[in-house]
Amino acid sequence: MNFSKFFVNYCSRFSSIKSAPVCGRVIAVKRQMGQYSNEQFARFKQTYLENRKALEPKEWCNVKQTLKSEFKHINDDNIDAIIIGACQSEQLDLAKNYIDFITNSGGQPNDATLGHLLRIYNAKYHSNGSSPESLSDGDQADVLNIWKMLTDKHKILDSTLCENLIAGLITTRRWREGLQLLDMIKITRPPSIFAYTEFIVKAFSMKDSSLGWSLFEEMMETIDDSRQPNCKIFLTYLTEVSDGVQDTTSGLEEMLRRLQKYDLRISVKVIDSIKRLAAAYPNLLQATDCHINYMGKCSKCQLSLQAKTLSNVDFEKLRNSLLKKVVVGGDVFQKSTPQEVNDFLNFVDRTGPYDCVIDGLNVAYSKGKKKPQSLADMLVSVVKHFAAKNKHVLVLGRKHMNKWPKNSIQYVKDNASMFLTDNLSQDDPFLLYAALKSGPNTDIFSRDLMRQHAYLLGSELKHIFRQWQQQHQYSLVTKTASGRIFIKEPKRHLVCAHKIQSTWHIPYKMQYTLHSSDSFEIPEHWLCLNIKKI
């Protein structure tokens, strides 16, 4: 493909991204405008609903009148759903009391109101331990009656109503019948993580691991790769794994293989559960926290993590698709000029390929804004580092750097190729082009995580791009008073859960987060888990 042509378009793509902060400010203003209403509504709940199990009809009438008078967005169409939604998980009795008030007043709760009610049944079910007995037979019967009423009323349910019904059905002994709702959701959109999680956790709690893992695989192939499955999936699975010795070890590895396949970072709660399992079977499992050094060696077992290099196929896919993915119309030279881009392309053809491409300004400002001499010294130190290793380096910068001390800039030009763009040009597209054009063994030097570039690549290529960064991106940590620099080198080993010989190394984080980190940094926390053969 014409790699140079796509680069020309790529340079302009990021000029429009600079407008993103404006949207952020608008959102922030909207949030500030709604803050008072949220606080006001919290005070309303505290005044009228907190610690109440039932209200008299006159009190409910007063509640409705107060809501409509104090909140402009509340009207007769949505007030019932809002009141039910305001009830906490421990206030199921209060929610049912309000439903009785509606029907005794000659009305009928609408779909949204019943949906909120099902969510409260679901919350109570989970707060009571998520077992088949967590809801009384009467409560389960109520849920099934709502399900029948809504399915009789609608031949096809919308995705929101389906998910509300899933929240309810999962609390009953007829939960499997709700699996058809997942297929109904798929008519309009992929099911949410919530919907999948409810069924996966239920399947594991009922010891149906086959169904649980089947739904888990389906979920992981469906959801955005930046989103992480809820750790209660793994906690439930570990709790319900058979007490048989063989099933425990093989079942544990079945979960660990999923962590590796989808590059998942579990929470410390799951790690603690694994440790308890190991404590129960000390002759079979040995679990210990460990430290992985920068070379990938484990402090506990002394094994090294598996080496990882991007395959030639994946590299070519990244190189050939990176610029094509971000091609859009408009002024392709908004942040550069046709002449500058052509000069750069010719420069790379003439002086490349390179062993490393350095973002000169990024390196120079690693320790903050300083005088030109200090900035130049920082850059010179990094160039010396690679020159001592006989590396062919490209330094990218901007034309104002010519005003830095001449002896420093001359040293850079004598020991590296150097290309200076106009002062308003974007640096990253030039850096990425030069590095990827140079081949799969070329490194880059920058502290920039390049989130904007990764975002534009899409799910599959974003993952490949992050792997490439992990394996090829240097960054400056610090420079001492004596002039010595400390550099964070690329990590060329796996940073996901994986097995070496009979030992698993499992990265984890201290708290569960829905979204995975956009960083390619090495995880700080690891578990060394040895599984002995029976």
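Six strands form an open sheet in the order 5-4-3-6-7-8, with mixed pairing; strands here are DSSP runs of E with at least two residues, helices are runs of H or I with at least four, and both are numbered from the N terminus. Two strands pair if DSSP finds at least two bridges between them. The edges are held by strand 5 (417-421) and strand 8 (485-488), each with a single partner strand, so one side of each has no neighbour in the sheet. On average, neighbouring strands of this sheet are turned by 25° against each other, direction ignored. Axes are lines fitted to C-alpha atoms, for helices over the stretch in contact, and angles run from 0 to 180 degrees between N-to-C directions.

The model is predicted: local features need pLDDT of at least 70, side-chain atom pairs count only at pLDDT 80 or more, and totals for chains, interfaces and linings use all residues. Residues are numbered from 1 along each chain as its sequence is written, and side-chain values use heavy atoms, with hydrogens and water left out.

Ser475 lies in strand 7 (residues 473-479), and its bridge partner in strand 8 is Lys488. Contact means heavy atoms within 4.5 Å. Leaving aside neighbours within four places in sequence, Ser475 is in contact with Phe445, Ser446, Arg447, Ile487 and Lys488. Ser475 is buried, at a relative accessible area of 13%; buried means under 20% relative accessible area, exposed over 50%, and partly exposed in between (1.4 Å probe, protein chains only).

Leu394 has Ser417 as its bridge partner in strand 5. In a regular strand the side chains alternate between the two faces of the sheet. Strand 5 is covered on both faces, with Ser417, Phe419 and Thr421 buried on one side and Met418 and Leu420 buried on the other. Because five of its five residues are buried, strand 5 is largely enclosed by the rest of the structure.

Strand 11 (residues 525-531) is also mostly covered, with six of its seven residues buried. Strand 11 pairs with strand 2 (residues 285-290) in the antiparallel sense over six bridges. Six bridges also join strand 11 to strand 10 (residues 503-509), again antiparallel. Leu527 in strand 11 stands opposite Asp289, and Ile506 stands opposite Leu527 too.

The cysteines come next. The structure holds zero disulfides, a disulfide being a pair of cysteine sulfur atoms within 2.5 Å. The sulfur of Cys290 has its closest cysteine sulfur in Cys298, and the 3.7 Å between them is too far for a bond. Cys290 counts as buried, at 10% relative accessibility.

Cys231 is buried as well, with a relative accessible area of 4%, and belongs to the lining of the largest cavity, together with Gln228, Pro229, Phe234, Leu264, Arg265, Ile266 and Tyr512. A cavity is a set of points, on a 1 Å grid over the protein atoms alone, where a 1.4 Å probe fits but cannot get out, and lining residues have an atom within 4 Å of a point. The volume of the largest cavity is about 30 Å³. Grid points are joined across faces, edges and corners, and a volume is the space filled by probe spheres set on the points.

Definitions and conventions: On a 1 Å grid over the protein atoms alone, a cavity is a set of points where a 1.4 Å probe fits but cannot get out, and a pocket is an open set with protein on both sides within 12 Å along at least five of seven lines; lining residues have an atom within 4 Å of a point.
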